[in-house]
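These are my notebook entries on a single chain. I set down below what I looked up, entry by entry.

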Amino acid sequence: MAEQPVSSQDEFLTLPISIPPLPSFPVPTTHHIYLRRNAKVLTRDDKRSLYIVNAPVDSTEPHFRSLFNSLVGAGKFEAITFECDAKAAKTSIEPAQALRLASLQKKRKREEEEEAQRVRDEVAAEMPSTWSRPLHRSGGSAVVLLADERSVDIVLKAVKKLQKTKKYPAWGEGVGEKAPALGSNWLKAHNKLVYPGNAAMQDVVDAFFTVYNRKEADAERLAREMRNEPDEDGFVTVTRGGRVAPARQDEAEEAKRKMLERQEKRKDETQNFYRWQLREKKKAQQAAFLQEFEEDKNKLRAMREKRRKVEPDT
């Protein structure tokens with residue numbers, strides 16, 4: 001018989017971890033992490049991932065790498081995405097990921113270099129982080145990416161076996177200097193990062209205005225293209241001087257989208273450019289339809305008259 005899966009997508013398994021005593025809380029305790037197969041199977045990677053709930057607030061990738069290595073050995077754990085990282089990814093693209101996406105697109109070399117430079121400028125324009133190690137909210141979630149689908153079954157089996165042996169893995173064991181320390185050193189690093197220095201802030205300001213000027217130039221170019229674009233009634237807006245570009249980048253993108261929609265719509269209406277021409281065309285189509293309808297009525301009337309004139313044989 002085929003082996004049954006260890007856990008369904010709706011069933012959570014409990015992974016107890018032993019937290020050693022700390023100077024702030026000198027008592028050993030046990031924390032429970034809940035995990036299951038990732039229910040959102042949208043990509044191939046989702047099939048080899050685990051969904052985790054109630055991750056410790058001081059979680060880092062080295063912590064979970066050490067935890068999974070103690071459970072199933074090295075080579076199974078690949079990466080982890082915390083809840084806060086997933087939310088940040090929706091609003092911004094990581095530099096390495098953006099560069100990979102740009103390289104996958106079939107563009108010319110010059111366009112790829114411009115896209116890569118654009119991404120680097122936007123990353124450089126972001127304010128530097130003021131924390132050397134972020135903390136997560138209590139009860140936060142994360143997604144763990146494993147080496148393959150078989151590793152998911154191996155991890156779930158190891159978690160079920162852990163319930164019997166009661167030998168819980170120690171949290172933070174083997175991490176060492178792989179993660180920045182908390183406590184007073186963490187706060188000292190924060191105070192230092194709050195004041196990055198004039199040179200670092202000047203670099204951020206320069207990068208910000210580089211991105212800003214590029215977006216302004218894109219908006220002005222889009223405005224120039226739209227000056228010769230007729231509206232839905234076929235009229236072209238005439239402007240004289242002044243700034244006619246959209247005020248915000250989202251307005252520029254919305255205007256560009258509408259312009260592309262109008263261009264797509266006019267592909268089949270090249271010969272009927274103005275609104276009155278469309279109106280005349282619809283009138284002609286309606287007249288032709290009425291004429292065909294009258295002709296069909298006359299044919300039907302003639303057939304009825306012919307049927308009445310036929311006399312049966314006696």
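**Entry 1: a pair within helix α1**

I began with Arg-65 and Glu-61, which both lie in helix α1, four residues apart, about one turn of the helix. I took helices (H or I, at least four residues) and strands (E, at least two) as DSSP runs, numbered from the N terminus. The model is predicted: local features need pLDDT of at least 70, side-chain atom pairs count only at pLDDT 80 or more, and totals for chains, interfaces and linings use all residues. Residues are numbered from 1 along each chain as its sequence is written, and side-chain values use heavy atoms, with hydrogens and water left out.

Arg-65 and Glu-61 form a salt bridge, with the closest N and O atoms 3.0 Å apart. By salt bridge I mean a side-chain nitrogen of Lys or Arg within 4 Å of a carboxyl oxygen of Asp or Glu. I then looked up the cover of both partners. Arg-65 has a relative accessible area of 31% and is therefore partly exposed; Glu-61, at 33%, also counts as partly exposed. The classes are buried (under 20% relative accessible area), exposed (over 50%) and partly exposed in between, with a 1.4 Å probe and protein chains only.

**Entry 2: salt bridges between separate elements**

How many salt bridges does a search of the whole structure find? The search finds six. I noted two further pairs.

The side chains of Arg-137 and Glu-83 meet at 3.2 Å, N to O. Arg-137 lies in the loop between α4 (109-124) and β5 (140-146) and Glu-83 in helix α2 (residues 83-91), so this pair ties together parts that are 54 residues apart in sequence. Glu-83 is partly exposed, because its relative accessibility is 21%.

Asp-218 bridges to Arg-118, and their closest N and O atoms are 3.6 Å apart. Since Asp-218 lies in helix α7 and Arg-118 in helix α4, the pair ties together parts 100 residues apart in sequence. Both residues are partly exposed: Asp-218 has a relative accessible area of 22%, and Arg-118 has 28%.

**Entry 3: the chain as a whole**

I next recorded the overall layout. The secondary structure comes to nine helices and five strands. From the N terminus on, the elements run β-β-β-α-β-α-α-α-β-α-α-α-α-α. The chain has 314 residues, and buried residues make up 25% of them.

I counted a contact where heavy atoms lie within 4.5 Å. Of the contacts in the chain with a separation of 6 or more, 70% are between residues 24 or more positions apart. The chain exposes about 23300 Å², of which carbon and sulfur atoms supply 53%. Accessible areas come from the Shrake-Rupley method with a 1.4 Å probe; for residues, only the protein chains shown count as cover.

**Entry 4: Pro-56**

Is Pro-56 buried or exposed? Pro-56 is buried, because its relative accessibility is 5%. I located Pro-56 in the loop between β3 and α1 (61-72). Not counting residues up to four places away in sequence, Pro-56 touches Ile-17, His-31, Ile-33, Phe-64, His-136 and Trp-171.

**Entry 5: positive phi values**

Which residues other than glycine did I note with a positive phi? Asn-54 has a positive phi of about 65 degrees, and this residue is found in strand β3 (residues 49-55). Lys-166 also has a positive phi, near 65 degrees. Lys-166 sits in the loop between α5 (149-165) and α6 (184-194), and its relative accessibility of 53% is why it counts as exposed.

**Entry 6: surface patches**

I finished with two patches. Patches are made of residues with over 30% relative accessible area and no salt bridge: like charges are joined within 9 Å, nonpolar side chains (Val, Leu, Ile, Met, Phe, Trp, Tyr) within 5 Å.

Val-205, Phe-208, Phe-209 and Tyr-212 form a nonpolar surface patch with about 390 Å² of accessible area together. Phe-209 is placed in helix α7 (residues 198-227) and, at 44% relative accessibility, counts as partly exposed.

Lys-297, Arg-301, Arg-304 and Arg-307 gather in a surface patch of positive charge. Lys and Arg count as positive and Asp and Glu as negative, while His and the chain ends are not counted. The place of a charge is taken as NZ of Lys, CZ of Arg, CG of Asp or CD of Glu. Arg-307 belongs to helix α9 (residues 275-309) and is exposed, because its relative accessibility is 65%.
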